[in-house]
Amino acid sequence: MAELDTLALPVLPLTAGVVLPATVITLTLDSDEAKAAVASAVDGDGRVLLVPRIDGAYARVGTVAQVEESGELPNGVVAAILRGLHRAQLGAGVAGTGTSLWVEAIELTDPPASPATIETGKELRGVLNVLAEARRSRRLPELLRTTTDPAALADGFGSWSDLPSERKIELLEATDPERRVELALNFARDLLAEHQLHERIRHEVTDGMERNQREFILRQQLQAIRKELGDDEEDNGVEEYRTRLAALTVDDAVRATIAREIDKLERTGAQNPEHGWIRTWLDTVLDLPWGVHSDETLDVNEARAVLDADHTGLDDVKDRIVEYLAVRKLRSERGFDERRFDARGDETHQRGHGLILALVGPPGVGKTSLGESVARATGRKFVRVALGGVRDEAEIRGHRRTYVGALPGRIARALKEAGTMNPVILLDEVDKLGADWRGDPSAALLEVLDPAQNHTFRDHYLDIDLDLSGVLFLATANVADTIPGPLLDRMEVVRLDGYTEAEKVVIARDHLVARQLDRNGLNPDEVVLDDDAIRTVVTGYTREAGVRSLEREIGRLLRKVAAGVAVTDGAEPIVVDDELVRTHLGRPKFQAEEIADRTAAPGVATGLAVTGVGGDVLFVEATALDGDPGLQLTGQLGDVMKESAHIALSYVTANADALGVDAERLKTRRFHVHVPAGAIPKDGPSAGVTMTTAMVSQLTQRPVRGDVGMTGEITLQGRVLPIGGVKQKVLAAQRAGLTTVILPKRNGPDLDDVPESVREVMTFHLAEDVTQVLEWALEPNPN
């Protein structure tokens, strides 16, 4: 841009708007500085410098304007008519006449347009023509239609358009014509795109209104036709369904599906069999708690207090629930719940954060009641779904609507029962699911318990997506072996291995006694039941991993007490001591001396096993008979256990001399191995060392120590291999009165899971070879 003379001009600040060159404007002189600037210009050559002022700051470039006329309007307002001439760059302040601000202004003029600027100007003119055609209410002024100067066209566009002041200042300060025309072209394109968007929205709104009006008229006509046909009474509740649908918080796909069914119901007469099916489906779908969520309790300390108050022990499960709540709290406080990113780092829709835990343990350890406690601790609703014996896949996914009497599956019904989309759902006895020609329910659970899929779980009856990602699933099982591998892989397994004697006493004192007092109509001040009496019940009348039998025995005891209170009318509290326990419950069912008595004879060893009811003690009896060499097995043994017996015999035969066994006698001896409780099936490799010990004990006539229990798999070379269920087996040994346990050496780290109170009173030997087992288990050789 070419520079002209430097002039001293009064400054008229523009606080609202921008005046570009070649613009004629009537300006109201509201401020004293504006009036002073115009007065100074009239007293001089009639020129004034118009400068935009935004937030107290002046623009770098202003417009030199000629005051065409000024004066007072009929309403008393002072105004002036100004014509923009050309740009001027602000300089330093100078002295001038009057009270206005005077500055040194460097006049700027546009050079001839370059070919590139001319081409850009042509494109700008084309966009302006389209914009003017689209905005019929605003025609292009004469200047824009006739000028051939691209720079003047850009200035005229800035004056004519509705650009914000910031963009107009950009045009004013663009002293380079080529840059100015490019800016104007970009601004014009933005205005055109914005106008097209507004027009599209307006058309969509108009079309929607017209469509609704047309639909309303058609429905009124349909209602009139039904009235003429005598079907007016069957409104079918369509409007009620539409009202309920409008109030639902569902995504567009679900809303469209429900709306189609409502339309179908409206077209279906009451005589049509589908009428009842559609109504039932609509009632079921609309009764689901769409968009309803329980307010979670994210107070970690309060949740832990609730869990501790409801259950004694079970620290692993409690810790996992507290960890889940802590993560939910941090995500909520730090805004992570509003964000979710895919594998490429792009932000996507946020799903819920559920939890899928499998509580595996023997009966009576509190797995089912723990579900209710978790719901209370988290502030959620609780629903229990019993899966034991379920064989039909439709029980989980629902039946197709084509079947008469079809219903949704248990998962959908659980959400309806809970009334929220984020309840705690307990899948009870998941290890007892069956499978037959009707399908495999465990396969249907794969989608339910998969966090990557359950946000779009589709029930066969509903046939719409259900979001289960906010549900906290707890599955219970006695053993994990019968749960299919793919299903088990989708759950986080937490094992509950049973309670120690001390824990059972605390549980009975704090929970079971109070419950049984209430059930038997007794007041707490009428019965005195101390820890010693409870311990007598625990050790003498129960031998289980859980406390279910313990509660039954306490209930039986308190019923006897209640009978006495009823006779004496509760005059004096009844003190329950050891003697009264034996009087009411009879002789003890279990004796600590039983194992010592059974292992006193050579050939009997005490093994440890894990069953569906927890850890247990089993006896292995071996005897040798005259006859052809061979091995007979009894006791309902499984294939793996039979193989362990053959391995044990092979090892003893191959190492007879080292074991102190007469190898010649083995050639004429036939072995019989029996595991008592023959009605109960038994299997597994962990009885290998027990069978070997029983055989060596019988052949060497060295009894097995009565306080020793053992477990471990054996190889043909005599190596002792690791096994599972160490904690359950150790607790079973303690319940049975054993004080020494022999384990495989590689199971040593598993002893960390055993309660410290048990480790302190028991002795553990870790064996690598079966010779070590024999050394620790057998009584010394008298010879």
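Select residues 604–611 and 614–626, strands β17 and β18. In this predicted model, the two strands run antiparallel and are joined by eight bridges. Now pick glycine 607: opposite, in β18, stands leucine 618.

Which residue of β20 stands opposite threonine 623? Click across and you land on histidine 672.

**A helix and its packing**

Next, select residues 548–568, helix α19. The helix has 21 residues. Draw a distance from its first C-alpha to its last: the span is 30 Å, close to the 30 Å expected at 1.5 Å a residue.

Show the buried side chains of α19. They belong to Leu550, Glu551, Glu553, Ile554, Gly555, Leu557, Leu558, Val561, Ala562 and Val565. In an α-helix, residues three or four places apart point the same way, because there are 3.6 residues a turn.

What do the buried residues of α19 pack against? Colour these elements to see: helix α17 (501–519), strand β15 (527–529), helix α18 (531–541), strand β16 (574–576) and helix α20 (578–585).

**Salt bridges**

Switch to charged side chains. Those of opposite charge can pair when their charged atoms come close. Across the whole structure, a search finds 38 salt bridges.

Begin with arginine 53 and glutamate 33. Their closest N and O atoms are 2.8 Å apart, and the two form a salt bridge. Arginine 53 sits in strand β3 (residues 47–54) and glutamate 33 in helix α1 (residues 32–43), so the pair ties together parts 20 residues apart in sequence. Glutamate 33 is partly exposed, at 35% relative accessibility.

Move to arginine 304 and aspartate 315. This salt bridge has its closest N and O atoms 3.5 Å apart. Arginine 304 is in helix α10 (residues 300–310), aspartate 315 in helix α11 (residues 315–333), and the pair links distant parts of the chain, eleven residues apart. Arginine 304 is partly exposed, with a relative accessible area of 23%. Aspartate 315 is also partly exposed, at 43%.

Stay here and select lysine 318 and aspartate 308. Their side chains meet in a salt bridge, 3.0 Å from N to O. The pair links helix α11, which holds lysine 318, to helix α10, which holds aspartate 308; the two residues are ten apart.

Is lysine 318 buried or exposed? Its relative accessible area is 2%, so lysine 318 counts as buried. Aspartate 308, at 37%, is partly exposed. Now show Arg304, Asp308, Asp315, Lys318 and Asp319 together: salt bridges with shared partners join these five into one network.

**A surface patch**

Methionine 209 lies in helix α6, residues 177–229.

**Last stop**

Select threonine 257, in helix α8 (residues 252–267). Its relative accessible area is 17%; the cut-off for buried is under 20%, so threonine 257 counts as buried. Which residues is threonine 257 in contact with, leaving aside its neighbours within four places in sequence? Show Trp281 and Ile464: both are in contact with threonine 257.

Methods: Residues are numbered from 1 along each chain as its sequence is written. This is a predicted model: local features need pLDDT of at least 70, side-chain atom pairs count only at pLDDT 80 or more; totals for chains, interfaces and linings use all residues. Side-chain values use heavy atoms; hydrogens and water are left out. Helices (H or I, at least four residues) and strands (E, at least two) are DSSP runs, numbered from the N terminus. The expected span of a helix is 1.5 Å times one less than its number of residues. Buried means under 20% relative accessible area, exposed over 50%, partly exposed in between (1.4 Å probe, protein chains only). Contact means heavy atoms within 4.5 Å. A salt bridge is a side-chain nitrogen of Lys or Arg within 4 Å of a carboxyl oxygen of Asp or Glu. Two strands pair if DSSP finds at least two bridges between them.
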